Amino acid sequence: MSRSKGYAAMAAKAPLAPYTFERREPREHDVLIAIKYCGICHSDIHQSRDGWSDYLEESIFPMVPGHEIAGVVTAVGAKVTKYKVGDKVGVGCFVDSCRTCAPCKSGLEQYCSVRTVWTYNARDYEGVPTYGGYSDRIVVDENYVLRMPENLPLDACAPLLCAGITLYSPLRHWQAGPGKNVAIVGLGGLGQMGVKLAHALGAEVTVLSHSLKKQADGKRLGAAHFYATSDPETFTKLKGTFDLIINTVSAEMDWNEYLALLKLDGTMVVVGLPEKNIPVGAFALTGGRRSLAGSQIGGIQETQEMLNFCAKHGVTCDIEVIPIQKVNEAYERVVNGDVRYRFVIDMASL
Ligand SMILES: [Zn+2]
Ligand SMILES: [Zn+2]
């Protein structure tokens, strides 16, 4: 075992505080990573405050959150072939899966039919709790490690590992590209990645945001159009406009209104996670043969494809770097929507 330093929530809703814990010694196929940066995802806040207790089997405290992990390899197991000491690597939302079910075999480990082992607040296949990236090091099987872009700053790439792939996967699956009208609902941490990625894929991008407050930003990120959803005119004007809508909002909203904005055969994909169920009327789907779908992050192969795409197109996340001592303050600011667009913890501050 090796001693690891980090920040943890010792109990549900408790503020994060310094915490020392054990990581396993690297096994034959493991990579030991010195963590340089870790993004703060809204789901870190939900989970450390036990907000998803209705959906998860258990919440495990003390909890070290963090699944947007970027760092450098400092040791490798005897049988590791993909990485060597000094490589810039990343770890996203999961660190293992069964490896034998149909989804795992098709590179869709995030939908493993046995159990995806999440990077924190989960147990590995031996029953040991997993601890995330708000810490100085992590040990991960090389098959669940990503190679980070060489040409881009490591801190601004950390959020690609959750926010980036959460948007890239549905954009690819529903074929966002030239000639396609794509709307991104909500311009937060997820939404800004959606605008940048959809634009880089060649689609015509529209932002649907609560107000016009972030309009200039939306255009800078690559949106061709920007509309306020607080203005009822927006829903009249944009009726039947989009091939694809990606909804990143986790607040409650009327999905039926948004479905009406789809063209014939259009799809709305939900990636935000409202805590309550939202009613959908059948007519919103049958008229225009519309689809309502969901999507959850992406597999290892697709995450690597996304990182390579970002390297090629110079896509990174807009970030604000903070020392780990400010993590609780950052959580409050995320909850209040006061960040453009992702906090990243500089682990040198530990
Ligand atoms: Zn996340
Ligand atoms: Zn599996």
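Asn-121 sits in the loop between β7 (117-118) and β8 (137-141). In this predicted model, the phi of Asn-121 is near 55°, a positive value in a residue other than glycine. Is Asn-121 buried or exposed? Asn-121 is buried, with a relative accessible area of 8%.

Now turn to the metal. Which residues are the protein donors of the zinc ion (ligand 1)? They are Cys-41 through SG, His-67 through NE2 and Cys-162 through SG. These donors lie 2.0 to 2.2 Å from the zinc ion. Along the chain, they follow the spacing C-x25-H-x94-C. His-67 is in the loop between α1 (42-48) and β4 (69-76), and Cys-162 is in the loop between α3 (154-157) and α4, so the pair ties together parts that are 95 residues apart in sequence. Both His-67 and Cys-162 are buried.

The loop between α1 and β4 also holds Pro-62. A cis peptide bond joins Phe-61 and Pro-62, with omega about -5°. Another cis peptide bond runs from Arg-340 to Tyr-341, with omega near -5°. Tyr-341 lies in the loop between α11 (327-335) and β17 (342-346).

Next comes helix α4, residues 163-173. Take its contact with helix α5, residues 189-200. The two axes come within 8 Å and cross at roughly 50°. The helices are therefore oblique to each other. The crossing of α4 past α5 is right-handed. On the α4 side, the contact is made by Ala-163, Gly-164, Thr-166, Leu-167, Tyr-168 and Leu-171. They meet Gly-189, Leu-190, Met-193, Gly-194, Leu-197 and Ala-198 in α5. By class, this contact has 8 nonpolar, 4 polar and no charged residues.

Helix α4 also meets helix α10, residues 300-313. How do α4 and α10 cross, and at roughly what angle? Their axes come within 10 Å and cross at roughly 100°. That makes α4 roughly perpendicular to α10. Gly-164, Ile-165, Tyr-168, Ser-169 and Arg-172 in α4 contact Glu-302, Thr-303, Glu-305, Met-306 and Phe-309 in α10. By class, the contact of α4 with α10 has 4 nonpolar, 3 polar and 3 charged residues.

Key:
Residues are numbered from 1 along each chain as its sequence is written. Chains are lettered from A and ligands numbered from 1 in the order in which they are written. This is a predicted model: local features need pLDDT of at least 70, side-chain atom pairs count only at pLDDT 80 or more; totals for chains, interfaces and linings use all residues. Side-chain values use heavy atoms; hydrogens and water are left out. Axes are lines fitted to C-alpha atoms, for helices over the stretch in contact, and angles run from 0 to 180 degrees between N-to-C directions. Helices (H or I, at least four residues) and strands (E, at least two) are DSSP runs, numbered from the N terminus. Angles under 35 degrees count as roughly parallel, over 145 as roughly antiparallel, 65 to 115 as roughly perpendicular and the rest as oblique. A crossing is left-handed if the near helix is turned anticlockwise from the far one by less than a right angle, and right-handed if clockwise. Contact means heavy atoms within 4.5 Å. Ala, Val, Leu, Ile, Met, Phe, Trp, Tyr, Cys and Pro count as nonpolar, Asp, Glu, Lys and Arg as charged, and the others, Gly among them, as polar. Donors are N, O and S atoms within 2.8 Å of the metal (3.2 Å for Na, K and Ca); water is not among the atoms, so sites may look incomplete. Buried means under 20% relative accessible area, exposed over 50%, partly exposed in between (1.4 Å probe, protein chains only).
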